[in-house]
Amino acid sequence: VPSVNKLIKPKTRSLLGVFEEDAAAISKYSQQLFQAMHRIYDAQNELSAATHLTSKLLKGYEKQRFPLCCDDEVMSSTLQQFAKVIDELSSCHAVLSTQLADAMMFPITQFKERDLKEILTLKEVFQIASDDHDMAINRYSRLSKRRDNEKVKGEVMQDVYTSRKKQHQTMMHYFTALNTLQYKKKMSLLEPLLGYMQAQISFFKLGSENLTHLQQWWYVRREMAGEVDVMQQTIQDMEQANDLLYMPDPDPSLVPVNRNLTRKAGYLNTRNKTGLVSSSWERQYFFTQGGNLMSQARGDVAGGLVMDIDNCSVMAVDCEDRRFCFQITSFDGKKVAILQAESRKDCEEWIATINNISKRIYLSENPEEIAARVNQSALEAVTPSPSFQQRHESLRPSTQGRPPAARASSVSSAGSETASPALSVLSLDALVAPNTPIQFDIISPVSEEDAGRAKAAGLGRTNPFGESGGTPAEESEGSILHQLFFARFLGCMEVQNADSSDVIYETMRQILAARAIHNIFRMTESHLLVTCECLKLIDPQTQVTRLRFPLSSVVLCAAHQENKRLFGFVLQTAEGMVDGRPIIVCYIFESNNDGEKICDSVGLAKQIAFHSEMDRKATEKKKEQDRAKEKQQEELSKQKQIEKDLEEQSRLIAAFSRPTPLAAGTDGQFLVLSNSQSEDSDAGVEGREKEIIECTNMEGRHCTC
């Protein structure tokens, strides 16, 4: 049975629907079983009547006068004996009919006429009480904030009290009847069957082995009676404990506000705009699920998402026509919801719960304990302290127990080993120079080199954040790593060195202290894109790149050891030099995610960039070796071709230098010889050459080949 503060949530209504469906199924099945058992009872009565009629007819045999039959004393005596036995059987059947009526028909009739009808009656009463409560709540929600009509307000609150109490009591009796029905269902099925079996056992005298069923039925009946007593006592205790909760706006001194909740559920009125200036209020069931606010209207099977309340803002607002209102704004400011609670206590608990969820406390192992510590710290933070410096000195991370290697070791280049010196060795002045100016907003100066590069690319102008109007996407398209984080810029300042992560911790402390001293609460929200080439700060609205940091200039990255949402990185620029040393700037951010994950992502990007550079150098070296090898192969091929041509030329010369018989031509004077083998003898120089060979014929003349 639910208590008043959980009255009546959709989950309960859904469960109630299952119980009501089960009750309807029980009613249908019980009706069918009743009809079947009634047929048995009618058949038994008919059998008893037929047996009695048979006995009566047998007794009247001797009084019959058959025209062709003479008196037969034997037949008459035999039929009289049969009539006596059948008459005894008729008496047994009459007793069996009486037992079936008492043991079989009476229990199932009582269950059908009393218990199932009671469920239907209570269901109608509960529906009426629920409708009256909804009407009273609607009247109470529409009360004006003016105090001129206290009588109406008192009447409305008394109406809410009466209707809520009536609904709660009716609901408890209805739910008790539904729960009791689960036990009575067993008894309603077992008792008639056991009665039928007992009657048959008594009729046929079959023995007592089936009497164990009867004993089990008595055990079930005693157990059900005990459960009913316990449930009645629970109802009385709940009525006494929830008497204060029947009032819609209880006294806060009697019912204190719980500000350590990380989950809450209940009915709220939500405002919906119906026009430019008009709006309507709708009552829905709201509940939190992780970092989401869900709502469920009456009749819906499941809840729907209202908004993401991670990193949202919530505050009480003053509505013109409603009391106890509060407003929830999403982290990006695009979605706003105005809700109305039933009481001031309920409103404050909703605000505290959403605040705890927005801080992502629900992700911890003991969320309520952590919420209590956070709320206690908030109360101590607003208490005036003797010295502001003392308060902020306590925020400086402790150096005791700090590991010798800082988180920046994962960001440094592969193969390098850097030791983080202890903070006790370096003074604060060695980390951050005194009176160093702090920049609280993102202002990226455009260098002449970037401006000249933009003009050379034909991009006419650059925006104030240092990005050209047409930012090329090629540099991020080829990157293996693409990780996007949500970050809020807290500030940046120049530091003295980047030897350890202590410089980041000290910069965090000074920036947070300066923001608190000068009451600077505004933070620039950006998307931090981590790639293998650079880090980018992108405007979430316009997708314009505000700042771009080459990954090679990021020399250090670390997250705060206590507040994991704070992280920072150190940039060392090679362009400018001050007093013979490079300019080193530390940037501090606050993220919705764990800062260590962002630092790990930056470290992974640097490792990927390092391995990519090593692979690129190895590939270039291999290409140079392949080109040298190809050139050497070409030289060897040319040398072999020249040697082959010389050998061919020598062979041809030797062949033509031997005496060869000449065949006479058509005129008997000349013979023209074609030497196809002498072609292409010098292919490396001109491709083709002709040889002129003079030979002497038999008559002493010359022929030209």
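I looked up the contacts of Phe569 (heavy atoms within 4.5 Å) and, leaving out residues up to four places away in sequence, I found that Phe569 touches Ile504, Leu535, Phe549, Val554, Leu556, Cys557, Val585, Cys586, Tyr587 and Phe589. I note that this is a predicted model, in which local features need pLDDT of at least 70 and side-chain atom pairs count only at pLDDT 80 or more, while totals for chains, interfaces and linings use all residues. Numbering runs from 1 along each chain as its sequence is written, and side-chain values use heavy atoms, without hydrogens and water.

Next I turned to the nonpolar cores, meaning sets of buried (under 20% relative accessible area, 1.4 Å probe, protein chains only) Ala, Val, Leu, Ile, Met, Phe, Trp, Tyr and Cys residues joined through side-chain atoms within 4.5 Å. The largest has 28 residues, and Phe569 is listed with Leu528, Leu535, Phe567 and Tyr587 as having the most contacts inside it. Among the elements that each supply at least two residues of this core are strand 14 (566-578), strand 15 (581-591) and helix 12 (595-657), where helices are DSSP runs of H or I with at least four residues and strands are runs of E with at least two, numbered from the N terminus. Helix 12 gives the largest share, five residues. Apart from this core lies another, of 26 residues, including Met307 and Cys312.

Last, I checked helix 1 (residues 10-59) against helix 3 (residues 150-204): they pack at an angle of about 20°, with their axes 10 Å apart, and are therefore roughly parallel (angles under 35 degrees).

Conventions: Axes fitted to C-alpha atoms, helices over the stretch in contact; angles between N-to-C directions. Parallel < 35°, antiparallel > 145°, perpendicular 65-115°, else oblique. Buried < 20%, exposed > 50% of the residue type's maximum accessible area, 1.4 Å probe, protein only.
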